[in-house]
Amino acid sequence: SSRRPARAARVPGVKPSYSVILPAFNRLDVLPEVLAALDRQQEAPPFEVIVVTSGGERIAEAVRAATPGVTVIALDGPALPGQARNAGLRVARGRWVTFPGSHVELAPGSLAARLAAHRRGWPMVTETMRNGTTTRAGWASYFLDNAGLLPGRPSFAFESPPPRASYHRGLLAEVGGFPEDRRAGEDSVVNEELFARGYGAWREATCE
């Protein structure tokens, strides 16, 4: 079979094509499922996983013990999302980088689909999003946040900044990383700046 698990793509000594950065504040309970989804990637490019925790070294050691094979960064005290993203970026080695969130389980083939779109020339790539919180509030939030990314919609080029994206890592260095003073929307700031500079974005329907 040509399929291989993600662990085979995380071989020590192999430079990763992709860096998957997971800010894991207050979501350590779901982190094992998120990492298990990464292990089910199909046709995955070589990639690394970087988990950023908040609350000091004790929490980081617990994550290291529970998730062998990933890089864990410990931030002292409460940290905002932009701080976590930038901390992961400082050690990332992949040409491309994605921040799926510590509660998001990537579907098999997601990284391969993202990479294919990047290699076709798209600096920013976003995905189809499925709802994992089936309460009324969860569905309401899902439709509000993902109106253009629902299953069944075709792939398309964005005519305005995307709500989120994976990136060529050099672009994030170009804009100085993510703002570290915002509780939310730090990626929107970066996406708007990159779009204003002429960098395009692609929604890949086969990427979930």
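Biologist: Is Tyr167 buried or exposed?

Modeller: Tyr167 is buried, at a relative accessible area of 0%; buried means under 20% relative accessible area, exposed over 50% and partly exposed in between, with a 1.4 Å probe and protein chains only. This is a predicted model, in which local features need pLDDT of at least 70 and side-chain atom pairs count only at pLDDT 80 or more, while totals for chains, interfaces and linings use all residues. Residues are numbered from 1 along each chain as its sequence is written, and side-chain values use heavy atoms, leaving out hydrogens and water.

Biologist: Which residue forms an edge-to-face aromatic pair with Tyr167?

Modeller: Phe178 does, at 6.1 Å centre to centre and 75° between the planes. Rings of Phe, Tyr and Trp (its six-membered ring) pair if their centres lie within 6.5 Å; planes under 30 degrees apart are stacked, over 60 edge-to-face and the rest tilted. Phe178 is buried as well, with a relative accessible area of 2%.

Biologist: Which cluster do the ring pairs form with Tyr167 and Phe178?

Modeller: Ring pairs link Phe99, Tyr167 and Phe178 into a cluster.

Biologist: Where does the charged end of Arg85 sit?

Modeller: It sits over the ring of Phe99, 4.7 Å from its centre. Arg85 also lies over the face of Phe178, at 4.7 Å from the ring centre. The rule requires NZ of Lys or CZ of Arg within 6 Å of the ring centre and within 35 degrees of the ring normal.

Biologist: Changing topic, what is Leu171 in contact with?

Modeller: Leaving aside neighbours within four places in sequence, Leu171 is in contact with Pro123, Leu194 and Tyr199, where contact means heavy atoms within 4.5 Å. Leu171 is buried, at 8%.
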